[in-house]
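Hi everyone, thanks for coming. I'd like to walk you through some packing in one structure, so please have a look at it with me.

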Amino acid sequence: MSIINSETLREWRHAFHRQPETAFEEHRTSARIAGILDAAGIEKATGLGGGTGVVAWVDGRHGGGRAIGLRADIDALDVSEANTFAHASQRPGKMHACGHDGHTTMLLGAACALAEDPDFAGRVYFIFQPAEENEGGGRVMVEEGLFERFPMEAVYGVHNWPGMAVGEAAVHDAAVMAAFDVFTVKLTGSGCHAAMPHLGKDVVLAACQLVNQLQGIVSREVPAHQTAVMSVTQFHAGDAYNVMPETVELCGTVRCFDAELRDHLEARFRQAIATMATFHGLDASVDYQSRYPATFNTPAEASRCAEVLEAMPDIRRVHRDLPPSMASEDFAFMLQQRPGAYIWLGNGKDSASLHNPKYDFNDALAPIGVAYWTALARALLG
């Protein structure tokens, strides 16, 4: 009798959810993954991707030399959970607010299902990747030789998607997720009494003007047919009512799809800060980091994924025309090395958004995810 059923998947997922671990610290999560794989008799390699990644594999009974990779992210976020259900996070300040507990569960379920009935030719690799959130665990795995040690011709990923009904999916032919850069800007002037601002150099005024000016780079310099977002998300200055602070720090993110545009936005960003600092007589320092490239599917692999989804009884609709997301995904590093596709599966119309403290992965999605992974593997290696 198969161990892969809705109740088992729910138990696995809730266990992962209760013990969230963030980037490169997923030791308990990695050990639980390894334990489930061992119980199913599935071969694996551990200690990958900075120490907490796992790659497992199942060989088909019909032989063959082809191989594909299926990937799930395993890390959580530094978010304080607002949910009060029984499987809520037991680690203060950390939470599975993006559904990686569900992604891990679905891939484990698929590995066990394919091991029980390996009715395919070739090999399926199951990639359990750490540190997707901000820290680039996908890049680390690639740099450590993921595709050399585990040769595969294509690689595939899945993300749950709030706002889309369970039983629906989305597949993009090309762009799926945006490139992701982060910045920290520090402006330094001279503080003074708030009643005598003429005696200082006002970093708050300069920073406020800078926030507005930066938006003009996107609204007036990005072609209308392209997409970009520049968001200031942190503004730190001062600690008293009657003191003009000496320093202000701004942090935020820049996102787009086109590589040439990405370079242009960084250059204009730096120029805007230098100009503003000169005008106000301030010193400025800029830490601008390019984090993730844009995530692009390859059309042939995306079409195969859509065909598999459209043939599944639990999938009522496959969207082929949704706009890509301005969120980012380090699966992009894997797709830079191999063809493949990254799809969305609906997490429910009423689901809280990703990274929200009230978010929870929908357990009704887990069996659908397992069915998709197993159907895709058999279709590609049949």
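**Helices, rings and a buried alanine**

Let's start with helix α2 (residues 27-39) and helix α3 (residues 100-116), which pack at an angle of about 20°, their axes 10 Å apart. Before I go on: this is a predicted model, where local features need pLDDT of at least 70 and side-chain atom pairs count only at pLDDT 80 or more, while totals for chains, interfaces and linings use all residues. Residues are numbered from 1 along each chain as its sequence is written, and side-chain values use heavy atoms, with hydrogens and water left out.

A few words on terms. Helices (H or I, at least four residues) and strands (E, at least two) are DSSP runs, numbered from the N terminus. Axes are lines fitted to C-alpha atoms, for helices over the stretch in contact, and angles run from 0 to 180 degrees between N-to-C directions. Angles under 35 degrees count as roughly parallel, over 145 as roughly antiparallel, 65 to 115 as roughly perpendicular, and the rest as oblique.

So α2 and α3 are roughly parallel to each other. Who touches whom? On the α2 side we have I33, I36 and L37, and they meet T104, L108, A111 and C112 in α3 (contact means heavy atoms within 4.5 Å).

Now the other pair: helix α8 (residues 299-310) packs with helix α10 (residues 366-381) at about 120°, again with axes 10 Å apart. That makes α8 and α10 oblique to each other. R304, C305, V308 and L309 of α8 make this contact with Y372, A375, L376, A379 and L380 of α10.

Buried means under 20%, exposed over 50%, and partly exposed in between, using a 1.4 Å probe and protein chains only. Leaving out residues up to four places away in sequence, A377 touches I68, L114, V124 and G382. A121 is 256 residues away along the chain, yet the C-alpha atoms of A377 and A121 are separated by 9.5 Å.

Finally, rings. The structure holds 10 aromatic pairs: rings of Phe, Tyr and Trp (its six-membered ring) pair if their centres lie within 6.5 Å, and planes under 30 degrees apart count as stacked, over 60 as edge-to-face, the rest as tilted. F180 and Y292 are edge-to-face, since their ring centres are 5.4 Å apart and their planes at 80°. F180 sits in strand β8 (residues 179-188) and Y292 in strand β13 (residues 283-292), 112 residues apart. F180 is buried at 5% relative accessibility, and Y292 is buried at 3%.
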